[in-house]
Amino acid sequence: RGVAVTPTWIYWPSLTGNEIGRANLDGTGKTLGLVTGVASPCSVATDSGHVYWGSGATPGFVGRATLAGGLQEREWANLGSYIPCGLAVNTANVFVANFGFISKAHEIGRLSITGGTFQPSLIGEADGPCGLAISGTKLYWANNGTNTIGVANTDGTSPNEEFVQTGGNEI
């Protein structure tokens, strides 16, 4: 369900284990239950101070903890009906891809790192967005419904839903 890497560690969610794990970059020091009691974690991302995860329970949440697993906030941000299949983080925001529950959803939302109101439709025309990545001022996502990669500025402007035609299936 995804991995996130810092200069020191690699993190992963365990959907059936309801936990976030961590290991050193060389594969040693594995901790399966760094964060436990996480409801259906289905995505993970990091910044310089936190590991974030998306909880695919109903309602959906973004949770976070320090990189060492402390100060756990399992329900840091309530996403309502969002199913957070992808997360990406920059210095200001957490971006959340809404994959949907019964049918594919079409939104990518945004939360401020400092909290505040969730913007559910920063980008509103994605097609089953799942994976998210940030490079500089660009946000990229996988469109599961159209097998394309989309791109937009991290402020939500200039979206291109079919930036790359992957030729893949259910990317």
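The largest pocket has a volume of about 320 Å³. A word on how that was found: on a 1 Å grid over the protein atoms alone, a pocket is an open set of points where a 1.4 Å probe fits, with protein on both sides within 12 Å along at least five of seven lines. Its volume is the space filled by probe spheres set on the points, joined across faces, edges and corners.

Before I go on, please keep in mind that this is a predicted model, where local features need pLDDT of at least 70 and side-chain atom pairs count only at pLDDT 80 or more, while totals for chains, interfaces and linings use all residues. Residues are numbered from 1 along each chain as its sequence is written, and side-chain values use heavy atoms, leaving out hydrogens and water.

Back to the pocket. Its lining, meaning residues with an atom within 4 Å of a point, has 21 residues, with V3, V44, A45, L87 and L132 nearest the centre. Strands β5 (41-46), β9 (84-89) and β13 (129-135) each supply at least two of the lining residues; strands here are DSSP runs of E, at least two residues long, numbered from the N terminus.

Now the core. What does the largest nonpolar core contain? It has 14 residues, and Y52, V62, V94, V96 and L111 touch the most other members. β8 (73-80), β9 and β10 (93-98) each supply at least two residues of this core, and β8 gives the most, with 3. By nonpolar core I mean buried Ala, Val, Leu, Ile, Met, Phe, Trp, Tyr and Cys residues joined through side-chain atoms within 4.5 Å. Buried is under 20% relative accessible area, with a 1.4 Å probe and protein chains only.

Let's visit N98, in strand β10. Is N98 buried or exposed? It counts as buried because its relative accessibility is 6%. Its side chain reaches the backbone nitrogen of I83 at 2.9 Å, and a polar contact of 2.9 Å joins the side chains of N98 and E107. A polar contact is a pair of N or O atoms within 3.5 Å; within protein, one must be able to donate a hydrogen and the other to accept it, and sequence-adjacent residues count only if both atoms are side-chain atoms.

Last stop, T148, in strand β15 (residues 148-153). T148 is buried too, because its relative accessibility is 0%. Its side chain makes a polar contact of 2.7 Å with that of T146 and reaches the backbone oxygen of E161 at 3.1 Å.

Definitions and conventions:
Helices (H or I, at least four residues) and strands (E, at least two) are DSSP runs, numbered from the N terminus. Buried means under 20% relative accessible area, exposed over 50%, partly exposed in between (1.4 Å probe, protein chains only).
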